[in-house]
Structure formats: C-alpha cells, structure tokens
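This report describes the fold, the helix packing and the ligand surroundings of one model. The sequence and structure are shown first.

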Amino acid sequence: MSDRDSFDALDYLQHRFGDLNDQRATYVLGQLHRVLNGFMTKKINDGELKVLDFGSGPVVQNSISAAAFASEIVFSDISSSNREAIQKWLDGDADAFNWSPHFDYVVQTLEGKGEKEAREREQRMRKLSKVVFCDALSEHPWRKAMRDHTTLFYSAHVLNVPAAIERVSSVA
Ligand SMILES: C[S@@+](CC[C@H](N)C(=O)[O-])C[C@H]1O[C@@H](n2cnc3c(N)ncnc32)[C@H](O)[C@@H]1O
C-alpha cells in the first residue's frame, strides 16, 4: 500500500475544513459561487452541466454551487483513501466527514436560501455524484473520467504536484 493510499483523509478534512471561520475554505466557495451564478448560468441550461473535479482529494465542498445546475458530478483522485472518504459521504455513512456547514454556507449565506434548500442540495449532490480513479501522469489523464460530455472541468491544487514530480524525475 502506498503512502497516498494510507493517507488519513478524515484527519486532513477536520484540520483543513473543520472550521468555517478559516477563510481558505470560504474564499474558494465564494469564488465558485460567483463563477457559477454569473456567466455560467447564462450559458448552461438547467440539467446540462456535467462536472469533473479532477484530483478532488477527499473534498466535496468545491461542487456545492455546481450541484444546483448539474446533472452529473464526477469526483476523481489517485488516492484510494481520498476516494473512500468521498464514497462514505455519498453513502451517508455515520463516520463520514460532515459537509452540512459548508452546504449551509453556500446555499444560505451565499445564495440567500433557507435550511430546507441546503439539505435538498446535499441530497441532490449525493444522488448525482460518483467517484472514480484518475492519474494526471497517465497517458490520457482525464479521458476515462471525463468522457466526451463534461462541460465543466475543475481542478484545484493538483496539476502542480504531478507536473513537479515529472520535472524532478526527468532531471534526475
Ligand atoms: C492539495 S490536494 C487538493 C485536493 C482538492 N482538489 C482541494 O482543492 O482541496 C492534491 C490532490 O491531488 C491528488 N493527486 C496527486 N497526484 C495525482 C495524480 N498523479 N493524479 C491525480 N491526482 C493526484 C492527491 O491525491 C490530492 O488529493
């Protein structure tokens, strides 16, 4: 088992996303809200948006805004620990990370809707999402995960990692 497959995803999530007063989480949510509720809504009819979060890690929050419009969301990561953390949340496991405060922040604080809508968004996202393996260093990194119908490709803090590894290994 490689280090990335024994990664403690829950510990990472608690440390990095457990406190919504930490602006690293809310800044990204605010930017995605602006993009998806600005020019994207004018271009994409309801239900046509298919999203690929490439290298999602164990992180669900980055697609909360998109889930209002999307008909499919594909999370993807190279690490089995990260994929399992997402799958646990999709399955509603009792020991999955609790993303409800992040749904509340997006749906209530940013979109100005109510608690009922926040819980509905959470359920909607569980229904339309799945999680798959991906490897940015493979020959066709996103072909399998993406298929031909993805309309929104999202990747945060990922491509610099394998790109740097590739650079180091080609120099070594
Ligand atoms: C810094 S985390 C970013 C996670 C998430 N996108 C976010 O915004 O919080 C980088 C992610 O890239 C993944 N990763 C590293 N190398 C990868 C590769 N070759 N292919 C796909 N994912 C990779 C890691 O497993 C990790 O989940």
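A residue counts as near a molecule if its C-beta atom, placed from the backbone, lies within 6 Å of it. In this predicted model, there are 19 residues around the ligand, and the ones that come nearest are Gly 55, Gly 57, Ile 78, Ala 136 and Ala 156. Divided by class, the ligand shell holds 9 nonpolar, 7 polar and 3 charged residues.

**Overall architecture**

The protein chain contains 8 helices and 4 strands. Read from the N terminus, its elements follow the order α-α-α-β-β-α-α-α-β-α-β-α. The chain has 172 residues, of which 31% count as buried. Where contacts join residues at least 6 apart in sequence, 68% of them link residues at least 24 apart.

**Helix pairs**

Two packed helices are described by the angle between their axes and the distance between the axes.

| Helix pair | Axis distance | Axis angle |
|---|---|---|
| α1 (residues 9-17) and α4 (residues 80-91) | within 9 Å | roughly 70° |
| α2 (residues 23-37) and α5 (residues 100-110) | within 11 Å | roughly 45° |
| α5 and α6 (residues 115-128) | 9 Å | about 120° |

*α1 with α4.* The axes of these helices cross at roughly 70°, and α1 and α4 are therefore roughly perpendicular to each other. On the α1 side the contact is made by Ala 9, Leu 10 and Leu 13, and on the α4 side by Ser 81, Asn 82 and Ala 85. By class, the residues of the contact of α1 with α4 comprise 4 nonpolar, 2 polar and no charged.

Helix α4 is also the place of Leu 90. Leu 90 counts as partly exposed because it has 17 C-beta neighbours inside 10 Å, whereas a buried residue needs 20 or more. Leaving aside residues up to four places away in sequence, Leu 90 touches Arg 126, Ser 129 and Val 131. Leu 128 is 38 residues from Leu 90 in sequence, and their C-alpha atoms are 9.5 Å apart in space.

*α2 with α5.* The axes of α2 and α5 cross at roughly 45°, which makes α2 oblique to α5. The crossing of the two helices is right-handed. From α2, Thr 26, Leu 29, Gly 30 and His 33 meet His 102, Tyr 105, Val 106 and Leu 110 of α5. The residues of this contact of α2 with α5 split into 4 nonpolar, 4 polar and no charged.

His 33 lies in helix α2. Is His 33 buried or exposed? His 33 counts as buried, because 20 C-beta neighbours lie inside 10 Å. Not counting residues up to four places away in sequence, His 33 touches Ser 65, Val 106 and Leu 110.

Ser 100, Phe 103, Asp 104, Val 107 and Gln 108 of α5 meet Glu 115, Glu 117, Ala 118, Arg 121 and Glu 122 of α6. Here the residues of the contact of α5 with α6 divide into 3 nonpolar, 2 polar and 5 charged.

Terms used: Residues numbered from 1 in each chain as written. Predicted model: local features only at pLDDT ≥ 70, side-chain atom pairs only at ≥ 80, totals over all residues. Nonpolar A, V, L, I, M, F, W, Y, C, P; charged D, E, K, R; others polar. Axes fitted to C-alpha atoms, helices over the stretch in contact; angles between N-to-C directions. Parallel < 35°, antiparallel > 145°, perpendicular 65-115°, else oblique. Left-handed = near helix turned anticlockwise from the far one by under 90°. Contact = placed C-beta atoms within 7 Å. Buried ≥ 20, exposed ≤ 12 C-beta atoms within 10 Å, placed from the backbone.
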